[in-house]
Amino acid sequence: MRKLTLGILALSTALLSSSFVPRTGEDDLKDIFKKIKEEVELHSKAYSSLGDACKTIGHRLTGSEKGKKAEEYAFRLLKEYGFKDTKFQGFQVEAWARDTVTLSIAPPKSDDFREVPVVSLAMTPVDANIQGTLVDLGNGLDADYADKEVKGKVVVANIGLLDAPAGTKNLHRSEKTALAIQHGAIGVIFVNTVKGQVLLTGTASVTGNLISIPAVCISLENGTEIRKWMKDQPGLLSLIEMHNVSKPIKARNVVATLKGTSSKLRNEKIIIGGHLDSWDLATGAIDNGIGSFSVLDVARTFKALGLTNKRTIEFVAFMGEEEGLLGSKAYVERAKKLGELDEIVYMINLDMTNNVHGFNGGGRDEMLPLLKSIGDQIKAIDGDFANLQENSPGLHSDNQTFLMQGIPAADPLGKLTRSVLDCYHANCDDFSLVNKKEMENTVKYTTMLLYGLANTEQIPAKKLDFYSTKEFFIKHKLRHELELGNEWRWGND
């Protein structure tokens, strides 16, 4: 296959606020982007391979037999696409699996308990049998605890935000659980905010370890009914009984490497990854089939076109993300031990990324000119690309692991419809939600972005040192979330 090469894509050394692409470089880049566009639109396997995996494997829960099959499926695809340097990176985790759970509600001083449909959140205790008075904490945020006696009670809180003032920032369910534990709650009942008797799962642990109290989820409709009952009969009781399984198992990230071609830049490494694992209530087609299988197809596109990359690229299907970013943490720890962490100059994360229409600077202002320059070249050959920009870092996905090391990390901007988002972590997250054209847009534009980053003469966002990383998180108002997750490593100053 003929190698496609980028003439020049460079940042202006004189103008740090803008990127500069010489005319010959623009022409070469447009030609390559046109070839990427044609290849993906005609030959993408992202949609079909995800559909086949959902049909033949089902869910991809880390530590399960189906999780193992998913690892092998991704490995086999990368080998088929021509990646000789494909390997498993194994790590040991505490694997959690649900067994049985019941939630019953009764008036005070009564044994007439009414059972409510419920699902356990992950990393909850192996065995729990608690009874306590319910206390309504609304959205379960810090402010909701004011003047509330929580110790020894069971908290009722929304997963999402209901009736919150404009601009209110939500917390992750695991952070809300951590807050409840801090205030002495003996259990948490989360109310889903999606209509239609939808039950939601996901981890209730900020650390990846088992938590000390049961946390469960009920539907919006049942939550509304229980809250009405609480007003009519103060002191309403709840009984939660659960049994789960937790044991050490081995899981594997799947990694395929494209060595850089430039003697100057080949020791710089770009990671593009998405978590392959999913929860077990459905097939995880959206979370995160569309992300991980898009990463695999970006890799396929590079090989199919013989694209040249000056920097080394590693395509990674992470496992264990849902249990606490376990796979990406294992990846980083391995890189530290091998002395390879400083080689990583950028991380692109695809987690529920769909229908890419722009790029996110990940909180690093200095990245925006280069991302816009690459986006301008994409838009020049494909008018459907909006070339929008944001500049915000996020937590609770594998990019967080790299951000914690000061490594620039971000995700392309995508969009999912409300009806699809309503199936997040729920039993309706299946392949029928996936849009073929939108998934191909993710592959197409992410491949172009990756090509641009892999071949630019300089990535403007540099690795932050220990204290600059602290200031980065403070600037973006993420300190409190990291403290709740026991991830804040900079003390109390």
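At what angle do helix α6 and helix α11 pack, and how far apart are their axes? In this predicted model, local features require pLDDT of at least 70 and side-chain atom pairs count only at pLDDT 80 or more, whereas totals for chains, interfaces and linings use all residues. Residues are numbered from 1 along each chain as its sequence is written, and side-chain values use heavy atoms, with hydrogens and water left out.

Two packed helices are described by the angle between their axes and the distance between the axes. Helix α6 (residues 285-305) packs against helix α11 (residues 436-455) at about 55 degrees, and the two axes lie 9 Å apart. Helices (H or I, at least four residues) and strands (E, at least two) are DSSP runs, numbered from the N terminus. Axes are lines fitted to C-alpha atoms, for helices over the stretch in contact, and angles run from 0 to 180 degrees between N-to-C directions. The pair α6 and α11 is therefore oblique, the term for angles that are not under 35 degrees (roughly parallel), over 145 (roughly antiparallel) or 65 to 115 (roughly perpendicular). The crossing of α6 past α11 is right-handed; that is, the near helix is turned clockwise from the far one by less than a right angle, anticlockwise being left-handed. Contacts (heavy atoms within 4.5 Å) involve, among others, Gly289, Phe293 and Asp297 of α6, and Met439, Thr446 and Tyr451 of α11. Helix α6 also holds Asn288, which is joined to Asp287 by a cis peptide bond with omega of about 5 degrees.

A salt bridge is defined as a side-chain nitrogen of Lys or Arg within 4 Å of a carboxyl oxygen of Asp or Glu, and 27 salt bridges are counted by this rule. In helix α1 (residues 23-43), Asp31 and Lys35 are four residues apart, about one turn of the helix, and their closest N and O atoms are separated by 3.1 Å in a salt bridge. Relative accessible area is classed as buried (under 20%), exposed (over 50%) or partly exposed (in between), with a 1.4 Å probe and protein chains only. Asp31 is partly exposed because its relative accessibility is 35%, and Lys35 is partly exposed at 25%. In helix α7 (residues 326-337), Glu333 and Lys336 are three residues apart, about one helical turn, and form a salt bridge of 3.5 Å, N to O. Glu333, at 40%, is partly exposed, as is Lys336, at 37%. A network of salt bridges links Lys37, Glu41, Asp382 and Lys444.

Helix α8 (residues 368-381) contains Lys372 and Asp376, four residues apart, whose salt bridge brings the closest N and O atoms to 3.0 Å. Lys372 has a relative accessible area of 42% and is partly exposed; Asp376, at 32%, is also partly exposed. Buried residues of α8 include Leu370, Ile374 and Ile378. The 14 residues of α8 should span 20 Å, in agreement with the 20 Å between its end C-alpha atoms; the expected span is 1.5 Å times one less than the number of residues.

Positive phi values occur at two loop residues. Lys109, in the loop between β3 (86-106) and β4 (114-116), has phi near 55 degrees and is exposed at 87%. Asp163, in the loop between β7 (154-158) and α4 (173-182), likewise has phi near 55 degrees and is exposed at 83%.
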